[in-house]
Amino acid sequence: MSTPARAVLAAALVAATLPATAAVAAATPMIPLHHMAVQPAPLPTDQCVAQLARHCYSPAQLQAAYDVTPLHAKGITGAGRTIVIVDSFGSPTIQHDLEVFDKQFGLPDTQVEVLKWGEVPPFDPTDSDQTGWAGESTLDVESAHAVAPGAKIVLVETGVAETDGPVGVPEMMSAVNHLVNAGEGDVVSMSWGTGERHFPGYEVGDYTSLTTQRYAFQNAAKHGVTLTASSGDGGGAQPGLGGFWPSSDPLVTAVGGTHLNLDNAGKRLTADSAWTGSGGYVSQVFDRPSYQNSVRSVVGAKRGTPDVSMDADPDGGLWIYSSYDATPGWWLGGGTSQSSPLFAGVVALADQAVGHRLGQIDNDIYRLSAQHARGLVDVTTGQTGTTGYPAVPGYDHATGVGTLDVARFVSELR
């Protein structure tokens with residue numbers, strides 16, 4: 001999430017234990033610490049549990065769990081749609097790594113279009129910042145592709161690392177704005193972020209250092225482009241700390257995290273639960289958008305997050321392949337860095353199915369939730385951290401309106 005991730009597991013599990021005051025900041029892609037020995041090949045879930053003491057999943061398992069398979073069988077693969085991934089620095093091996101990922105799991109290849117925005121430095125495998133972002137980029141691209149293998153992917157690589165506050169954000173906003181104006185991109189996924197309170201002026205109620213960065217999102221909304229962002233991996237919240245931007249922005253769909261317990265075929269062994277590390281916050285900067293009026297009793301007068309949730313627990317991560325450093329191989333994804341691109345893949349499927357861009361999809365999410373539509377599956381167990389929120393019936397700051405049955409969700413959209 002905003003701290004790049006190659007071993008998202010270690011960083012995500014650490015973030016889940018941080019006090020909220022530190023955790024909101026734990027979002028600049030996760031620092032690339034190896035969470036386990038990189039594997040020469042992905043293992044099936046039962047062997048992961050036995051050998052690694054955690055669950056691990058293939059694209060086919062996630063497709064089955066989220067009821068994506070029936071859409072793929074009908075040719076709804078995201079074809080004709082474009083997913084934009086925005087990260088600092090990117091990865092020098094992204095195309096090769098995606099091709100290895102595809103060959104392993106029997107997915108169709110796609111050409112990743114790389115847009116270098118600004119002075120992107122040559123890749124240095126000894127630079128932990130760059131390798132962290134390379135891991136984040138790899139996780140984002142492979143996760144989105146796992147859901148929407150027919151979609152085009154554009155990876156934006158900016159030359160300034162996004163950190164707490166506005167650092168690195170102007171470059172990212174400029175790149176998004178450029179692509180929107182160029183007509184490139186139906187959905188933009190952002191697996192990074194920072195606490196609202198880290199923008200200058202926050203303490204005195206002056207939010208302009210943040211709000212002036214929103215022009216790209218406003219332009220995206222005018223062009224019907226859907227924006228998704230990770231809700232954060234802090235696992236908790238305290239009053240007065242504000243939200244986690246860009247997921248706190250009313251123009252962005254905030255994607256939180258759940259824990260999945262699947263068998264080798266992708267069948268659920270237990271109901272989904274809230275992932276302990278998932279972030280849920282109440283914005284200090286943004287008022288409650290109209291689409292959240294139906295959940296005003298929970299969010300109050302301000303924008304609340306997340307909106308919806310997907311697989312994020314590193315104990316149940318997607319197998320990811322990378323070769324950008326000295327230890328190529330397979331590792332497990334996780335964190336809301338994983339859930340945002342997974343949901344972006346869902347949006348690409350939906351855009352293809354309905355034949356047009358869905359734009360600000362939060363309007364549909366909360367409409368369908370109010371109608372108790374079957375495409376949205378309430379999550380009622382689990383809690384986000386020791387200072388976080390429990391998952392309860394209906395909307396909550398643990399998982400939003402819940403998770404997805406994608407085939408039904410897409411059929412309910414218009």
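Let's start with Glu-113, which is partly exposed, at a relative accessible area of 33%. By partly exposed I mean between buried, under 20% relative accessible area, and exposed, over 50%, with a 1.4 Å probe and protein chains only. Now, the ground rules. This is a predicted model, where local features need pLDDT of at least 70, side-chain atom pairs count only at pLDDT 80 or more, and totals for chains, interfaces and linings use all residues. Residues are numbered from 1 along each chain as its sequence is written, and side-chain values use heavy atoms, with hydrogens and water left out.

Back to Glu-113. Its salt-bridge partner is Lys-152, with 2.9 Å between the closest N and O atoms. A salt bridge here is a side-chain nitrogen of Lys or Arg within 4 Å of a carboxyl oxygen of Asp or Glu. This pair joins distant parts of the chain: Glu-113 sits in strand S3 (residues 112–117), Lys-152 in strand S4 (residues 152–158), and they are 39 residues apart. Helices (H or I, at least four residues) and strands (E, at least two) are DSSP runs, numbered from the N terminus. Lys-152 is partly exposed too, at 29%.

How many salt bridges are there in the whole structure? The search finds 12.

Next pair. Arg-357 and Asp-186 meet in a salt bridge, 2.8 Å from N to O. Again, distant parts of the chain are linked, 171 residues apart. Arg-357 is in the loop between helix H12 (336–354) and helix H13 (362–370). Asp-186 is in the loop between helix H8 (169–181) and strand S5 (187–190). Buried or exposed? Asp-186 is buried, at 6%, while Arg-357 is partly exposed, at 25%. Arg-81 joins these two in a network of salt bridges.

One more. Asp-272 bridges to Arg-268, at 2.7 Å between the closest N and O atoms. Asp-272 is buried, at 8%; Arg-268 is partly exposed, at 29%.

Now the inside. In soluble globular proteins, nonpolar side chains tend to be buried together. A nonpolar core is a set of buried Ala, Val, Leu, Ile, Met, Phe, Trp, Tyr and Cys residues joined through side-chain atoms within 4.5 Å. The largest has 66 residues, and those touching the most other members are Ile-83, Phe-343, Ile-365, Leu-404, Val-406 and Phe-409. H12 contributes the most, with 8 residues.

Look at Leu-404. Beyond its neighbours within four places in sequence, its contacts include Tyr-66, Met-310, Phe-343 and Phe-409. Contact means heavy atoms within 4.5 Å.

Finally, a separate core has 32 residues, among them Phe-199, Ala-220, Val-225 and Leu-227.
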